[in-house]
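Please read these notes with the model open beside you. They go point by point.

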Amino acid sequence: MAGKKYHLAFTPELVNEPITFTLAREHDVVVNILRAEVTEHGGTLIMDIAGDDAKIDAAVAFLRSKGIDVRGLERTVVRDLDRCTDCSMCVSVCPVKAYRLDRGTWEVQLDRHRCIACGLCVDACPAAALRMDDVGPRA
Amino acid sequence: MRTYEEINSRIESGDAVVMTAEEVKAFAAEHGVEKVEREVDVVTTGTFGAMCSSGAFVNFGHSEPPIKMAKVWLNDVPSYAGLAAVDAYIGATELSESAPCGYGGAHVIEDLVGGKAVHLRASAAGTDCYPRKDIDTYISLRTVNQAYLYNPRNAYQNYAVATNSSDRVLYTYMGKLLPHNGNATFSSAGQLSPLLNDPQLLTIGMGTKIFLGGGIGYVSWEGTQYKTNVPVRNGLPVGAARTLAVMGDLRGMSPEYVRGLYFTGYGCSLGLGIGIPIPILNGEIAKAVSVTEDQIFAQVLDYSVQSRARKPIREVSYQELRSGTIDIGGKEVRTSSLSSYRKALKIAKELKEWIEKGQFDLVRPAGEFPAERSQKALEVLSCEEA
């Protein structure tokens with residue numbers, strides 16, 4: 001179940017808040033953590049939140065009320081179809097199976113809804129056909 | 001039974017029956033190998049993948065006053081100039097001195113084929129007959145004399161499947177290998193691959209005319225590291241075996257089939273398209289081209305073992321590799337092909353079209369390649385031992 005992707009930035013004092021638990025229990029949304037990182041400056045989470053639109057909005061409002069910086073994630077991988085040779089190197093390195101090799105046309109296909117913008121495919125592409133777009137997290 | 005002459009006269013009259021390697025396998029499955037022998041004249045094969053041992057000779061023409069170039073750079077990529085005066089060899093894997101991550105000799109070759117201007121710098125000691133000591137100019141395929149690929153080792157007859165049992169990511173010429181056997185990569189075009197459709201090289205030898213990079217080329221010699229002493233299954237080697245040295249004019253080639261590649265952590269390679277026509281001279285060849293991917297196997301090697309003597313983990317069929325996952329020690333491991341099956345198929349189809357239109361005839365090899373050859377290793381020896 002794919003929902004909307006968000007980039008969350010925490011201050012160090014918020015790192016211990018059980019926010020995913022609260023989101024699931026109090027706001028009835030399905031939370032899938034795609035990436036998590038904690039440093040001395042705080043933490044970042046990339047999560048997928050699925051559910052009714054109204055519930056997702058309420059969940060995001062709750063996160064913001066806790067002082068968490070929440071941005072919708074628009075980052076995605078951009079494919080240069082002129083460079084791509086359809087070799088399929090990207091297919092097996094993608095952690096969320098966003099790439100698929102079509103067994104009829106033998107073309108590589110990217111499902112943008114699955115992509116979590118982790119970037120693991122970018123340095124795997126020998127044809128230099130992949131890059132992260134520079135939109136970045138939006139407010 | 002049919003001869004080269006009979007096939008060429010049928011090509012000339014537009015009557016030749018030509019099938020791609022994919023088509024002939026389906027035809028054989030439905031009608032049998034005997035019917036392939038009786039009815040098919042030519043089978044076209046194709047492969048498009050990283051072929052590192054590639055490069056191009058370029059003759060720049062003489063400057064005024066003349067120079068005997070000792071050091072040459074093309075778009076800042078060093079090129080070998082230990083040849084007379086204004087000849088140089090640009091190797092595919094040589095890296096740019098100014099932008100080593102992402103650009104190298106293979107990209108220079110792609111740029112030349114694509115009609116782009118390339119920056120030439122050269123220096124020299126200066127001699128009485130070649131007084132000039134440096135030059136800085138631009139060249140393109142319009143300005144140079146000869147410019148041809150001469151690739152010492154291409155079109156490998158099968159190759160390993162790579163995986164990585166270590167706990168860190170490996171960046172290799174077999175691509176990005178995830179830890180704990182997180183993925184597996186392979187490079188052969190499998191059932192479309194030229195040398196897997198004529199495993200004994202009964203029709204492929206010195207002088208064979210081929211599709212090379214979108215243009216016409218020739219097999220010029222046995223490829224380096226050509227070997228025959230590898231394990232065989234269903235009459236086919238399960239590892240890297242025979243190879244070809246090929247050559248062809250850059251003019252007439254297309255960037256669609258001549259591509260600079262860059263493998264992070266390894267370096268540059270040339271993505272190259274090769275297609276070889278196989279004349280169905282007899283039943284043995286008809287049987288060879290009818291082989292399918294469930295019968296073609298490759299060895300899975302652990303690239304975290306940094307040795308030339310890696311022991312295969314298992315053998316796996318191309319049918320299994322092509323399914324998207326293979327089993328390694330009970331784990332379902334996702335696969336990636338490093339060669340493009342789509343482009344390989346396109347090459348086989350394009351070559352078929354050329355032959356059907358009478359634009360491409362078949363050439364009987366002027367020389368055969370060895371039926372037996374083993375590969376030597378490099379040992380550290382004393383002068384007397386060598």
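1. Domain bounds here come from an automatic or database domain assignment. This is a predicted model, where local features need pLDDT of at least 70, side-chain atom pairs count only at pLDDT 80 or more, and totals for chains, interfaces and linings use all residues. Residues are numbered from 1 along each chain as its sequence is written, with chains lettered from A and ligands numbered from 1 in the order in which they are written.

2. Chain B has two parts: domain 1 (4-51 + 150-356) and domain 2 (61-144). Their C-alpha centres are 32 Å apart.

3. How many residues of domain 1 of chain B are in contact with domain 2 of chain B? There are 15, and they meet 14 residues of domain 2. (Contact: C-beta atoms, placed from the backbone, within 7 Å.) On the domain 1 side, β20(B) gives the most, with five residues. That side has eight nonpolar, five polar and two charged residues. (Nonpolar: Ala, Val, Leu, Ile, Met, Phe, Trp, Tyr, Cys and Pro; charged: Asp, Glu, Lys and Arg; polar: the others, Gly among them.)

4. Now look at helix α2 of chain B, residues 21-31. (Helices are DSSP runs of H or I, at least four residues; strands are runs of E, at least two; both are numbered from the N terminus.) Its buried residues include B:Val24 and B:Phe27. (Buried: 20 or more other C-beta atoms within 10 Å of the residue's own, with C-beta atoms placed from the backbone.) Their cover includes β1 (18-20) and α8 (341-356) of chain B. Just after α2(B), B:Gly32 has a positive phi of about 95°.

5. Last, the chains. The contact takes 16 residues from chain A and 25 from chain B. Chain A's side has nine nonpolar, four polar and three charged residues.

Methods
A residue is buried if 20 or more other C-beta atoms lie within 10 Å of its own, exposed if 12 or fewer, and partly exposed in between; C-beta atoms are placed from the backbone. Two residues are in contact if their C-beta atoms, placed from the backbone, lie within 7 Å.
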